[in-house]
Amino acid sequence: MVDILAAPRQAKTDTSLRTLLAISTAHWVSHFHLFVLPMLFPFLKGQLGVGYMELGFALTVFAVISGLTQAPMGYLGDRIGARKILLIGLTVGGFALIMLGIHLSYAWLIASAVLLGLANSVYHPADYAILSAHMDEARMGRAFSIHTFAGFLGGAVAPAIVAALVATTGGHGALIAAGAVGPAVALLLLVVGIPDASAADRAADGITSPQQNIVTPAIIVLTVFFMLLSLSNAGIGNFGVVALMSGYGSSFSTANIALTAFLGSSAVGVLAGGFLADHTRRHGQVAAVCFALNAAIVLIIAVMTLPAVLLTAAMAIAGFLGGVIAPSRDMLVRNAAPPGAAGRAFGIVSTGFNIGGIISPLLFGWIMDQDMPHWVFGTSVAFMALTVLLALVTDRNPKTNVEKVDARLMQL
């Protein structure tokens, strides 16, 4: 007997896979572009005749602009379509780097940071809105994990790619080539034909978005949750190497290997967390347990001087556990968002990342200036403990979240 529904199901599966790969590629670009300017600081310092403080100011401008525009981009995406703002973001981010490569000056560096901040504010609300609308509900956690993994991968390969571009094309050519990736991927998304997620699309599918205030207590708590996640990871990611060298007697190579283990295992943990998120509705409890274990391991690193092998192993386990919670984190936001408001919800809570990005360099830099390297890890533990408490708060009423998901499925 021929299954007449097999063809439509296969077509939907193919469309979902194509959409996931396309959106994940865009997320790869966003993280790749994040690292282009920092990787070129030595070149920019020599060419522009400025100090690292002036270069760091450009990154602060980037973080502030991105933080201020995340939520508005979420609202805009829900209004005019997530696909439109995603394509604009890819193009604007690429244009910022290309123009800096053509007209290299400090003024253009700051202008580039502004444009890169605007572009960066697009990705989370747009990506998650499209994925929430078009991925299979039973595989949503894995879809989120692949999307997050692609971003991690973009950051991981950025140093090698930028270094290769500088060696072959010079600093100016590296900026132009790195920037060209943005419009190229935007063109790819147009060719692939990714679906949209806008008010008009939801109305066509019979899904209405209630006119209610999206800034609910749950969304506020999740925004703080994202900020604490950023703060707990930023200290280790940005200052872990110098802290291990100055406070624990680790060599430069040992400290870098330990940090590489932390970052690499985080990416693997994200993929594992996707499977876990699809097999539980207690996403807050998953995040709380993983981060509690993470805090315990980082506390050991903070108070003990471990041999190189044990230090690397501990950092790898901590990174893995930190990665595992990422899909559950995203599912918490999706469950807290009213139907049709995923873009706005992710835009608002992602602001927490930017707040953390503004605070963390100042806080952990001050800690290192006070010659307290152990407190780089100790302060991270404190933020992790607060994150555990907030994760449990967000999971107080899972039944409501399940009923919300069931209602969405009934409407489709």
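Reader: Is Arg 142 buried, partly exposed or exposed, and what is the cut-off that decides?

Author: Happy to start there, and keep in mind that this is a predicted model. Buried means under 20% relative accessible area and exposed means over 50%. Arg 142 has a relative accessibility of 23%, so the label is partly exposed.

Reader: Which residue forms a salt bridge with Arg 142?

Author: Side chains of opposite charge can pair when their charged atoms come close. Here the closest N and O atoms are 2.6 Å apart. The partner sits in the loop between helix 9 (252-277) and helix 10 (283-303), while Arg 142 is in helix 6 (residues 140-192).

Reader: Is Asp 278 buried or exposed?

Author: The cut-off for buried is under 20%. Asp 278 has a relative accessible area of 19%, so this residue is buried.

Reader: How many salt bridges are there?

Author: Besides the pair of Asp 278 and Arg 142, Asp 330 forms a salt bridge with Arg 329, with the closest N and O atoms 2.9 Å apart. Both Asp 330 and Arg 329 are buried. The count comes to 2.

How values were computed: Residues numbered from 1 in each chain as written. Predicted model: local features only at pLDDT ≥ 70, side-chain atom pairs only at ≥ 80, totals over all residues. Heavy atoms only, no water. Salt bridge = Lys/Arg side-chain N within 4 Å of Asp/Glu carboxyl O. Helix = DSSP H or I, 4+ residues; strand = E, 2+ residues; numbered from the N terminus. Buried < 20%, exposed > 50% of the residue type's maximum accessible area, 1.4 Å probe, protein only.
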